[in-house]
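Here is a briefing on selected local features of one protein model. Please look at the sequence and structure first.

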Amino acid sequence: MTDEMSAVLAGLTPTVVPVAGADPELIAIGERYWAMAGFHPELFTPVWCEKAADIDTLGWGGPLYATAAGGVRAVVDHMCPQCQQQLSLTSRTALADLARGETPVCVECTESLVAAVQTLNDPKRKAKRDAARARAAEQQALDAALATWQSAQHELIEERYRLTFSETVPTASVREMVAALALLRYAPSTTPISQIGAWLDPLHPAQTETVQLLGALVRGRLIRIHPTTPVTAIEWKSSFQDALAAAGGDLESVELSPQPTSNFFPLDSRFYAPFATSAGTGAQHLDAALSERLTPEHLTAGQHDDLLSLAQELIAEEALRYFTSRLEDLNLPTVTDNHVERLREAAYKVARHRPLAEIYNLAWRSTRSAAESAQKNPRAPRANMSTHAVNQFETHALHAVTDPAWPIKAFGEVTGCGPSAMARTLFYTVLDMHPLETSLTDIEQALPEPAPEPPTPAGEATPQPPTGKESEDEELSLLVRWLHAYPESWDPDTVLKALEDLAQSAAGMEYDVEQRVVRRAVAHLQQLKACLSPVLDERQVALAVLAATELLQHPVTGSDRSAKNQPVGSVVRRHLSQAIFGTEDDPAEE
């Protein structure tokens, strides 16, 4: 670059002059806009300190050159061709034109730019901008407080569910052991186990059962919640919005101390096996222990029964899952609530006699018939077609049960509806049988002789059922302990069904007043059952119902009038005990 050219370009370097009375923000934007690093040595074009896209207009709006003109004037040693005043550049483009030998007009002679600057300085526009800034500042403070709240939640989760490990694997039912083993075998990763609800092949065919099983595994200490579990997977006593409302909307007065409850959302949580020395070795340790315990030769007679019950459950639930999938594929609505129980009864009944591959055929036939009926009767409510499918399945299931010789073509594995992780674990790993081709009869014939019951550890007394000679408090305590110690010896469903019978019979009370007392007591226990069923298994719910009878103290007189003013809870408990032990007079005789 020659000295002459350098002198020419030096005369083109603008001098930035603030506009009198302009907002300081506009002045700062203008100075950044016109900050030059010089001219290109070969192209002789302006080189700017910042790109225009990198300059924040701070909410002023409008083109950047107009915002800059609202704060400063960039003047050069040239004259405006219109007003013959010193030239003030309208934009960076105007300076580039000037460097090429063109002569642009000044800011004051550019009407559109003057109008844009006037709009920029409009008081109403300024008020809106100030209000928007206030809202942005308030939202920023709110986001900062929420981030602090969430950080406190993370710290509480990390502290509450910090990693702990043990060498002893606790005992569990066959159903829980199969669920835990399936969790380990089919999880994408065991460090930690996460996103269980997103598995293509679910843990259990029914998602509601998956939720309950995960809760049972945590309560049974086979798995623990991992400290990296998202805060949204834990139930909290109050949310940030609740804390903010309690503080009257004042962020400075919000108590940033979230408190978790004991509840969590299993499908969103993360888990690990709390054994050995780490999450990875813990999964291996638990896998080896469960595989050993689930070996058919090591299972007792009661565990054989539990295994058969689980096999029936999985076959039936897989069939129901396929039935629901077929309705969805055929654009038919789901089965209405009042027909679900019929469908389930039919599925569980046929699962006792036929393999899953044949039940798939029955489900396919039933749903196909419903789809054909929908085409023939387009004006009929589509919910009726789903009911028709249930009716057909119920009929086919009864035929399959009552006529063992009826040939049913076996289906293969259904694409998109493959066996669940628990079904694969039970049949492939534990039984070494095909989940689609195996019936309960096949399993019964293949099971070896049951292992003897494990001896009671030295120094540990074997729980005994109540004899009837204990006090009422001792009798209830012994009853609950004995039922808990021997879960295979009783069916929790008998307790829940006995409650329904009591609601009808009112325990045979003679007078209407006492009948209402009994029915009200039973209603309380049924409400307790409804509250606990989503989070506890059936046995635990039944034990809780039995224990809660102690709280029902309203006096009643028995139907034989031999026992006056006895608590209604004792009457209810006596009937529940009789249902459990199958006795009419003295449950201790069992």
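Leu64 is in contact with Ile29, Tyr33, Ala52, Ile55 and Thr57, leaving aside its neighbours within four places in sequence; contact means heavy atoms within 4.5 Å. This is a predicted model: local features need pLDDT of at least 70, side-chain atom pairs count only at pLDDT 80 or more, and totals for chains, interfaces and linings use all residues. Residues are numbered from 1 along each chain as its sequence is written, and side-chain values use heavy atoms, with hydrogens and water left out.

- Leu64 sits in helix 3; helices (H or I, at least four residues) and strands (E, at least two) are DSSP runs, numbered from the N terminus.
- Leu64 counts as buried at 15% relative accessibility. Buried means under 20% relative accessible area, exposed over 50%, and partly exposed in between (1.4 Å probe, protein chains only).
- Gly62 is in the loop between strand 3 and helix 3. Gly62 is exposed, at 55% relative accessible area.
- Gly62 touches Thr67 and Arg125, not counting residues up to four places away in sequence.
- Gly62 and Val117 are 55 residues apart along the chain, and their C-alpha atoms are separated by 9.3 Å.

**Helix 2**

- Which residues of helix 2 (residues 24-33) are buried? They are Leu26, Ile27, Ile29, Gly30 and Tyr33.
- Seen down the axis of helix 2, these buried residues fall within an arc of 165°, so they line one face of the helix. The arc is that of the directions from the helix axis to the C-beta atoms.
- An α-helix has 3.6 residues a turn, so residues three or four places apart point the same way.
- The cover over the buried residues of helix 2 includes strand 1 (15-18), strand 3 (46-48), helix 3 (64-69), strand 4 (72-79), helix 4 (92-99) and helix 5 (111-120).
- Asp23 caps the N-terminal end of helix 2. One of its side-chain oxygens lies 2.8 Å from the backbone nitrogen of Glu25.

**Helix 19 against helix 20**

- Helix 19 (residues 512-532) and helix 20 (residues 538-548) pack at an angle of about 150°, with axes 10 Å apart. Axes are lines fitted to C-alpha atoms, for helices over the stretch in contact, and angles run from 0 to 180 degrees between N-to-C directions.
- Helix 19 contributes Leu525, Leu528, Lys529 and Leu532 to the contact, and helix 20 contributes Val541, Ala544, Val545 and Ala548.
- The contact residues divide into 7 nonpolar, no polar and 1 charged. Ala, Val, Leu, Ile, Met, Phe, Trp, Tyr, Cys and Pro count as nonpolar, Asp, Glu, Lys and Arg as charged, and the others, Gly among them, as polar.

**Ser269**

- Ser269 is found in the loop between strand 8 (260-264) and strand 9 (271-272). Ser269 is buried, with a relative accessible area of 0%.
- The Ser269 side chain reaches the backbone oxygen of Phe265 at 2.8 Å.
- Beyond neighbours within four places in sequence, Ser269 is in contact with Ile193, Ser194, Gln195, Thr229, Ala233 and Phe264.

**Backbone exceptions**

- Most residues other than glycine have a negative phi, and most peptide bonds are trans.
- Gln84 has a positive phi of about 60°.
- Asp432 has a positive phi of about 55°. Asp432 is exposed, at 68% relative accessible area.
- The peptide bond from Thr191 to Pro192 is cis, with omega near 0°.

Methods:
A polar contact is a pair of N or O atoms within 3.5 Å; within protein, one must be able to donate a hydrogen and the other to accept it, and residues adjacent in sequence count only if both atoms are side-chain atoms.
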